[in-house]
Number of protein chains: 2
Amino acid sequence: MSPDAPASRRLDLPDARDVLAAAARIAPHAHVTPVLRSRSLDALAGCGLHFKCENLQRVGAFKFRGACNAVMALSDADAARGVVTQSSGNHGAAIALACRQRGIAATVVVPQGATRAKVEAMRTYGARLVPCEAGQAPRDAATAAVLAETGGVLVHPFDDVYVIAGQGTAALELLQAAPEVDTLIAPIGGGGLVSGTVLAARGVGERAGRRVEVFAAEPAGAAEAQASLAQGERVRNAGTDTLCDGLRADIGARPFALLQQAHAERQLRAILPVDDADTLAAMRLLWERLKVLVEPSAAIAFAAILRHPEAFAGRQVGVILSGGNLDLDRLPWAS
Amino acid sequence: MSPDAPASRRLDLPDARDVLAAAARIAPHAHVTPVLRSRSLDALAGCGLHFKCENLQRVGAFKFRGACNAVMALSDADAARGVVTQSSGNHGAAIALACRQRGIAATVVVPQGATRAKVEAMRTYGARLVPCEAGQAPRDAATAAVLAETGGVLVHPFDDVYVIAGQGTAALELLQAAPEVDTLIAPIGGGGLVSGTVLAARGVGERAGRRVEVFAAEPAGAAEAQASLAQGERVRNAGTDTLCDGLRADIGARPFALLQQAHAERQLRAILPVDDADTLAAMRLLWERLKVLVEPSAAIAFAAILRHPEAFAGRQVGVILSGGNLDLDRLPWAS
């Protein structure tokens, strides 16, 4: 690795202290999002639900936490080279906004089929967009080409120490705001959010002696993370079939390493598969009862609870509602 | 008036102290709702916006504040008679929930054409529903009949001292949470929310020497409140034409008296008329940018700001997002 690689490239895996450092670093820029409760949803789920509203985060998704942490942590020399990333939406918008705040250039490689509202957000925040074919291989090829062309710094959407640590700050805030929470659940795509969540949970255990277990929710049509854990090595999705547009990526190397360890220690309890039909039903319930907009990739976490109630019975569950960006020309359940 | 009339019937008009008393009375039952901000909406509106999310209140609307205050303030003897009200939706659901919490009966007179989601909420919270024709006269007749039949206590949706004081607690919380706010705006139907808001603003002025001015937003198709102020006496809507289903009532006697006084003192600056098309556009913007569901009757307040920017330029404006209950089978802008 070249000596001028950014700091994140020289690190191995983040730990709980990195989440605390991220919280301090992003505090001037990110919202402390509210935690919402609903007695009627508690009754329906058979557990206590604490919804961490990252859909109310800047750019409408938790992704701003990790992107902001990574961009703000860059040295001035690295920052001056500009930031490059790949994203179907929320991470790209988050990088664009974080770079605009820092006054540096952002380029986002965007696969075909990305949600229009998310692409518009990237453009609004001033990123240069480079289209590419859908699928992980074309994404990676296009990203490499842009990095070579611009000399910019890569901030990967999930396989990045600073991004993972930043994503963990959502769970950290939730655990601080709701001391009774003993369980967390978050959606998994590339694994940045869930691995950051595991670090936050572990940190609370180390500092406060409080045991917090973590679940992940994964689309049945893009279930490579669960398969990877089961097989003990990273496997790739052989195509994806889910309307959870934020959860189609293959799990990253760093997230996988962190989750494998957490699973061995039984802190990560399970990655639960969820069908899109269940996700849509949960999404509508959240709109109706919580009165907040969540996108399918966020609703899946609540859907997993309703689909696997035995795993959550009687627990106090923190649910990361990861984002709220979707096209509002029509409703997904009124297709 | 009979000697066993409830306390609210023996009072004349509420004042700022009643709002403080209401805040203490409802504290064990109501949510302290979050205040959301959006830099992009600030830029669009040309002022600082502080959105008080009463759509995230229990039953999905500010109405729970007033209903809860009125129901909890009843003497045990009055409470035992059960509560009767008339409502197209949110107030009815709020009364139903407040009565369930107190363990007493609730009967709601519901006009035809009420939003299905709101009627279902009333039923869910255990109210007995009595249907009637649309329009104020049939509502009043049906309510009188139910009162005679049941011997219950009327908690009017807006022409009630305790209801008005309770609604004022939303503005009170907002002014406490955002000390820079110098202007408030809320939607007006029967006038309970706006008159309570005026009382909260006046109280802050009296206690803290802080000048807070108030605007109201009214559907152009149900603009009898503005006409009443202009003519110096209450006038009735000659039919209504608006999709703001929560704002079709004629202004009540107590709200009118309070608003007439506040207008004379220039604390109530204006009642701004808003076309439904502007309300729908504002509603979609709020969904897209704030990621919260607001119903048309709530979005109208933000629409008024966008329609009359000169009145708000450079101000710090607290916007009461009054509710988020609507039918989600289809989107109102995708008819």
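Two residues are taken to be in contact if their C-beta atoms, placed from the backbone, lie within 7 Å. In this predicted model, that criterion is met between two helices of chain A, where Ala22(A), Arg25(A) and Ile26(A) in α2(A) meet Arg65(A), Cys68(A), Asn69(A), Met72(A) and Ala73(A) in α4(A). By type, the residues that make up this contact comprise 5 nonpolar, 1 polar and 2 charged. In general, the packing of two helices is described by the angle between their axes and the distance between the axes. For α2 (residues 16–26) and α4 (residues 63–73) of chain A, the axes come within 9 Å and cross at roughly 85 degrees. Since angles of 65 to 115 degrees count as roughly perpendicular, α2(A) and α4(A) are therefore roughly perpendicular to each other.

On the side of α13(B), the contact is made by Asp278(B), Thr279(B), Leu280(B), Ala282(B), Met283(B) and Leu286(B), while α14(B) contributes residues including Pro296(B), Ile300(B), Phe302(B) and Leu306(B). The residues of this contact divide into 10 nonpolar, 1 polar and 2 charged. Lys291(B) is buried, because 25 other C-beta atoms lie within 10 Å. A positive phi is also found at Val59(B), where the value is near 60 degrees; this residue is placed in the loop between β2 (48–53) and α4 (63–73) of chain B, and with 27 C-beta neighbours inside 10 Å it counts as buried.

The relation between the two chains was considered next. Chain B can be laid on chain A with an RMSD of 0.0 Å by a turn of 180 degrees, together with a shift of 0.0 Å along the axis, which is the relation of a two-fold axis. Within chain B, the C-alpha nearest this axis belongs to Val292(B), at 2.1 Å from it. Where the chains meet, 17 residues of chain B are in contact with 17 residues of chain A. Helix α13 (residues 276–290) of chain B gives the most to the side of chain B that touches chain A, namely 3 residues, and that side as a whole divides into 9 nonpolar, 3 polar and 5 charged residues. The copies meet through the same surface, because 100% of the interface residues of chain B are also interface residues in chain A.

Attention may finally be turned to the core and to one helix residue. The largest nonpolar core holds 223 residues, of which Ile95(A), Ile95(B) and Ile185(B) touch the most other members. Leaving aside residues up to four places away in sequence, Ile95(B) touches Ala67(B), Val71(B), Val83(B), Thr85(B), Ala106(B), Val108(B), Ala127(B) and Val155(B). Asp42(A), by comparison, lies in helix α3 (residues 39–45) of chain A and counts as partly exposed, with 15 C-beta neighbours inside 10 Å. With the neighbours up to four places away in sequence again left out, Asp42(A) touches Cys47(A), Gly48(A) and Leu49(A). Between Asp42(A) and Cys99(A), the separation is 57 residues in sequence and 40 Å in space, taken from C-alpha to C-alpha.

How values were computed: Residues numbered from 1 in each chain as written. Chains lettered and ligands numbered in written order. Predicted model: local features only at pLDDT ≥ 70, side-chain atom pairs only at ≥ 80, totals over all residues. Core = buried A, V, L, I, M, F, W, Y, C linked by C-beta atoms within 7 Å. Buried ≥ 20, exposed ≤ 12 C-beta atoms within 10 Å, placed from the backbone. Helix = DSSP H or I, 4+ residues; strand = E, 2+ residues; numbered from the N terminus. Nonpolar A, V, L, I, M, F, W, Y, C, P; charged D, E, K, R; others polar. Least-squares fit on C-alpha atoms with pLDDT ≥ 70 in both. Axes fitted to C-alpha atoms, helices over the stretch in contact; angles between N-to-C directions. Parallel < 35°, antiparallel > 145°, perpendicular 65-115°, else oblique.
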